[in-house]
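Dear colleague,

I am passing a structure on to you, together with some notes on what came out of going through it. Please look at it first and then read on.

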Amino acid sequence: MPQQPLILTLELDEDAFAEFDGQRRRHFPAALNKIPAHVTLFHHLPGEEERGIVETLAAEMRAEGPIPIEVASLRFIGRGVAYGLESPRLSALRGRLAAHFEHWLTPQDRQGYRPHVTVQNKVAPEEARALHRELEAGFVPREITGTGLLLWRYLGGPWEARGRFPCGGA
């Protein structure tokens, strides 16, 4: 029997997560904000394959150290705002995982990977433009760190935590 899909995200260092999640809570419509700030690696993995996915993630992360990431840009996304991220190590990790999960990937997860953190979405374009201008005025590229992977089960809005896979397998 098919189960709800799984979502894989990157775990961020505490300071970066606190900043992005705080912005998301301030700027995302409260009635629609059911999940914390996140960096999605895969939007839809098969829930019935959870055991194999967990084994793959655990094995992959045993050898992966903390992942340096540059918060490189601020993106206007039409009805919201997101921070664009750049990291060769993150892209390589996602590529290895995509090879493992290739036969399960949806068209969305087969597209080119552009990591980002959305702090606002589903608002009027004028509101999004105003926030983009406000954030852009003080934007300075900076380094953050990916500290692991987080596996979630999609529950039709909210997500249920299913596993944490820290860098170095700790």
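A residue is called buried here when its relative accessible area is under 20%, and exposed when that value is over 50%. Serine 87, at 6% relative accessibility, therefore counts as buried. Please keep in mind throughout that this is a predicted model.

Serine 87 sits in the loop between β4 (81–86) and α3 (88–101), and a polar atom of its side chain lies 3.0 Å from the backbone nitrogen of leucine 90. If neighbours within four places in sequence are left aside, the residues in contact with serine 87 are Ile67, Pro68 and Ile69.

Not counting residues up to four places away in sequence, glutamine 23 touches Phe28, Tyr83, Val119 and Leu135.

Alanine 63 is placed in the loop between α2 (50–62) and β3 (67–76), and its C-alpha atom is separated by 18 Å from that of leucine 8, a residue 55 places away along the chain.

As for the protein as a whole, it contains 5 helices and 7 strands, which follow one another from the N terminus in the order β-α-β-α-β-β-α-α-β-α-β-β. Its C-alpha trace spans about 45 × 35 × 25 Å along the principal axes. The radius of gyration is 16 Å, which agrees with the value near 15 Å that a compact globule of 170 residues would have.

Of the 170 residues, 46% count as buried. When contacts between residues at least 6 apart in sequence are considered, 77% of them join residues at least 24 apart. The protein exposes about 8800 Å², and carbon and sulfur atoms supply 53% of that area. With regard to charge, there are 20 positive and 22 negative side chains, and the centres of these two sets lie 4 Å apart.

Terms used. Residues are numbered from 1 along each chain as its sequence is written. This is a predicted model: local features need pLDDT of at least 70, side-chain atom pairs count only at pLDDT 80 or more; totals for chains, interfaces and linings use all residues. Side-chain values use heavy atoms; hydrogens and water are left out. Helices (H or I, at least four residues) and strands (E, at least two) are DSSP runs, numbered from the N terminus. The radius of gyration is taken over C-alpha atoms; the globule rule is 2.2 Å times the number of residues to the power 0.38. Buried means under 20% relative accessible area, exposed over 50%, partly exposed in between (1.4 Å probe, protein chains only). Contact means heavy atoms within 4.5 Å. Accessible areas come from the Shrake-Rupley method with a 1.4 Å probe; for residues, only the protein chains shown count as cover. Lys and Arg count as positive and Asp and Glu as negative; His and the chain ends are not counted. The place of a charge is taken as NZ of Lys, CZ of Arg, CG of Asp or CD of Glu. A polar contact is a pair of N or O atoms within 3.5 Å; within protein, one must be able to donate a hydrogen and the other to accept it, and residues adjacent in sequence count only if both atoms are side-chain atoms.
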